[in-house]
Amino acid sequence: MELNHQRKRPRFFQSLLDSQTVQHRGGLDGLFSCSKASFSFRLQHRDSAIDGLQNGEERFLLFRPGRSGPDGKLVFSVRDTGNCSIQVKILSLNVKPHSRGFDLGGLMITEVLRYMKEAFTTNDSLVCGRSECDTVMCQLEAEEDDRRNNKLVRYYERFGFRVKQNAKIKYLNNNDGEMYRKIPMELVLNPTSPKSEESGGSLVGSISFLPVRLFSATESTVRVDEEEAHFLLVDLGNGLFEIRTTRPSASWKFHFLSVQDMGQTKDQTWLLRLEHEYECGTFLGVDMRVNSLSRTSAPVEWTFDGEERKLCCTGNSPSRRFHAQMIESVEQMKKTSLRFSMARMSLFEALELSKRIPDDKVCANGMETSSLYAKCFQTAESFRWAGHPDWMQLLGLTYYLGDIVPLLDVPPSTLLPAMWNGPEYICRVFLKNNILIPNEGYQMLRLAELGLDLPSHRDLLEFEDQGVEHLVMEFANVLSAQESMMENEECATVWDTHYKFIAEKYGMNQLSW
């Protein structure tokens, strides 16, 4: 991961500010890169009147691109029984083995019930060529073997079906050693009542969708109303997506925002920004307390595993992940730099090396840029003219020398990030080389970055640091009060006449870096 000393706006925040949503040409298959080819689905409705199906049958067919034939099929019939009553019978429901486990059968049942409500809803005109009616009776037979113990019955009950009163259960023997039974079930729809507030519209037609599993940061499955649910990721077009359940429930419409990683990560990372802004937040996340989808004010990252069709909320925000990466970088920097095997050189040689690093301050004439070398001497001179002792002048001279680390015999990307700052490293150099300055000097090096804000961070100080607050603040005052600029020639002169002797006094002639 490459860092630098200048504070730049992270790229992922820039993408948020620019409000650039993910643009993709390949629909769901083009949005996520995975090893499998196409795995988005489309749902079609075949009407007997239009498609010439026999016996008044109609079908909902589930297609997957690149495969011959449907992956799922629900066959039903519609019959007008007179007296403003319609009878719908679900004849068969089947999903191929490779597409099972995502409740796609439940999706097709939901779409049939939705279709029947819309087709026969009482209004001022005929809908779908159907007549108005008062009652729609949906029927099916739950066929299962004896070992299932009403498992299929309970499955259909979730859609509102109930076992018919006084129903005659049929027992079958298919000469395979198993006993089967058919249990009649029914559901009464009353289209004249207000429509239920089902989430989302019908998926029939050209809409592409993908069955997905949602997980929280703890690898717990996301639930709806504390119950297990199956989710679909729906491509609504124009960069807008929706997460919904296979059965009527809450839906969430959002745009994908791609997070450009600051370093190397295994998975592409996304933010899910909701279509509309809400008081409780504009991003989609997971409430870890109940493992349910929730709105958040802070962006939360998601990863997608195409092999497993798994969309996982990491619980990280871009800033939190960047903070974690910074900590990782700091720890790696410590492992590299605190071995003190990068170089052996004197303070004079280190100062000479600093001539190669430009300072970020501009000279008074506005034309030239000073070097780190000059900055070190300007800082030391500030302490000298303020009347501070020679050991504090030495601290001023070396305070910014941690910036030479990238020029030592280390990988080019090894820099000192803000959390592992240059003065902290110089403090470690002093300790490693047994530079005998007062203990207060080490504390000044460690704490001077807090500067004049030190009192507001008092709760972070260790016990032994609390007695030197006034010295640290005085040190920070001198650092912030520098005004005059020095040329390299002037710096060389004050080295020969003054600082060379301080360096000799404190044993700075040969140091491990």
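**Close-up views of a predicted model**

**View 1. Lysines over tyrosine rings.** K355 lies over the face of Y373, 4.7 Å from the ring centre. The model shown here is predicted. Y373 and K375 are among the buried residues of helix α8.

**View 2. Helix α8, residues 372-385.** The end C-alpha atoms of α8 are 20 Å apart. Eleven of the 14 residues are buried, so the helix is mostly covered, with under 20% relative accessible area as the cut-off for buried. The buried set includes L372, C376, F377 and F383. After the helix comes G387, with a positive phi near 85°.

**View 3. F60 and its aromatic partners.** The structure holds 18 aromatic pairs. One of them is F60 with F76, stacked at 5.9 Å centre to centre and 25° between the planes. F60 belongs to strand β2 (residues 57-63) and F76 to strand β3 (residues 72-82), so this pair ties together parts 16 residues apart in sequence. Both residues are buried. F60 also pairs edge-to-face with Y115, at 6.2 Å centre to centre and 70° between the planes. Y115 sits in helix α4 (residues 104-119), so this contact links parts 55 residues apart in sequence. Relative accessible area is 1% for F60 and 11% for Y115, which also counts as buried.

**View 4. An aromatic cluster.** Y155, Y156, F159 and F161 form one cluster.

**View 5. A nonpolar surface patch.** I169, Y171 and M179 make up the patch, with about 270 Å² of accessible area together. Y171 is found in strand β7, residues 170-173.

Note on methods:
Residues are numbered from 1 along each chain as its sequence is written. This is a predicted model: local features need pLDDT of at least 70, side-chain atom pairs count only at pLDDT 80 or more; totals for chains, interfaces and linings use all residues. Side-chain values use heavy atoms; hydrogens and water are left out. Helices (H or I, at least four residues) and strands (E, at least two) are DSSP runs, numbered from the N terminus. The expected span of a helix is 1.5 Å times one less than its number of residues. Buried means under 20% relative accessible area, exposed over 50%, partly exposed in between (1.4 Å probe, protein chains only). Patches are made of residues with over 30% relative accessible area and no salt bridge: like charges are joined within 9 Å, nonpolar side chains (Val, Leu, Ile, Met, Phe, Trp, Tyr) within 5 Å. Accessible areas come from the Shrake-Rupley method with a 1.4 Å probe; for residues, only the protein chains shown count as cover. A salt bridge is a side-chain nitrogen of Lys or Arg within 4 Å of a carboxyl oxygen of Asp or Glu. Rings of Phe, Tyr and Trp (its six-membered ring) pair if their centres lie within 6.5 Å; planes under 30 degrees apart count as stacked, over 60 as edge-to-face and the rest as tilted. A charge sits over a ring if NZ of Lys or CZ of Arg is within 6 Å of the ring centre and within 35 degrees of the ring normal.
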